[in-house]
Amino acid sequence: MKGDNWIHQGLAINLYKSFRWFALLFDCGTGKTRTFIGIVEEKEDDRIDEMPVIVICPKNIIRQWKEAIEAHSDRDNEVFCYLDTDCHTKRDKEEFKKSI
């Protein structure tokens, strides 16, 4: 993970990296996206490098997630943003299938 975490982010990453299910109930602007990326990168499951991670979010922040992954992650991630309004071509559908 690039950069330094705030104290609460580091605590959340260490706590939730071994959980299968969790929720980050931080206030706005406190780094939920960055914390989630850190948790995924620190997962204690050896298979995490082989598994896709799917983020379900409102349409208005899809691009924000892509930018955050590129900004905060040390890994070589393939990010595919699926918008039901603009993924109707054969190429889009093939790219989506490849990403999952």
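Biologist: What share of the contacts between residues at least 6 apart in sequence join residues at least 24 apart?
Modeller: That share is 50% in this chain, where contact means heavy atoms within 4.5 Å.

Biologist: And what am I looking at, how were the values made?
Modeller: It's a predicted model, in which local features need pLDDT of at least 70 and side-chain atom pairs count only at pLDDT 80 or more, while totals for chains, interfaces and linings use all residues. Residues are numbered from 1 along each chain as its sequence is written, and side-chain values use heavy atoms, with hydrogens and water left out.

Biologist: Fine. How many helices and strands does the chain have?
Modeller: Four helices and zero strands, so the order from the N terminus is α-α-α-α. Here helices are DSSP runs of H or I with at least four residues, strands are runs of E with at least two, and both are numbered from the N terminus.

Biologist: What percentage of the residues count as buried?
Modeller: Of the 100 residues, 27%. Buried means under 20% relative accessible area, exposed over 50%, and partly exposed in between, with a 1.4 Å probe and protein chains only.

Biologist: Why is helix α2 largely enclosed by the rest of the structure?
Modeller: Because nine of the 11 residues of α2, which spans residues 32–42, are buried. Those are T33, R34, T35, F36, I37, G38, I39, V40 and E41.

Biologist: Which helices do they pack against?
Modeller: The buried residues of α2 pack against α1 (7–16) and α3 (62–72).

Biologist: Let's stay with α1 and α2. At what angle do their axes cross?
Modeller: At roughly 35 degrees, and the axes come within 9 Å. Axes are lines fitted to C-alpha atoms, for helices over the stretch in contact, and angles run from 0 to 180 degrees between N-to-C directions.

Biologist: Is that crossing left-handed or right-handed?
Modeller: The crossing of α1 and α2 is right-handed.

Biologist: New topic, aromatics. How many aromatic pairs are there?
Modeller: Four aromatic pairs. Rings of Phe, Tyr and Trp (its six-membered ring) pair if their centres lie within 6.5 Å; planes under 30 degrees apart count as stacked, over 60 as edge-to-face and the rest as tilted. Y16 and F22 are stacked, because their ring centres are 5.3 Å apart and their planes are at 20 degrees.

Biologist: And how do the rings of F22 and F36 pair?
Modeller: Those two are tilted, with centres 6.2 Å apart and planes at 35 degrees. F22 lies in the loop between α1 and α2 and F36 in helix α2, so the pair ties together parts that are 14 residues apart in sequence. Ring pairs link Y16, F19, F22, F36 and W65 into a cluster.

Biologist: What about R20, where does that one lie?
Modeller: R20 is in the loop between α1 and α2, and R20 is exposed, at a relative accessible area of 71%. The C-alpha atoms of R20 and K43 are separated by 9.3 Å.

Biologist: Last one, how many disulfides does a search find?
Modeller: Zero across the whole structure, taking a disulfide as a pair of cysteine sulfur atoms within 2.5 Å. As for cysteines, C28 is exposed, with a relative accessible area of 76%, and C57 is partly exposed, at 23%.

Note on methods. Left-handed = near helix turned anticlockwise from the far one by under 90°.
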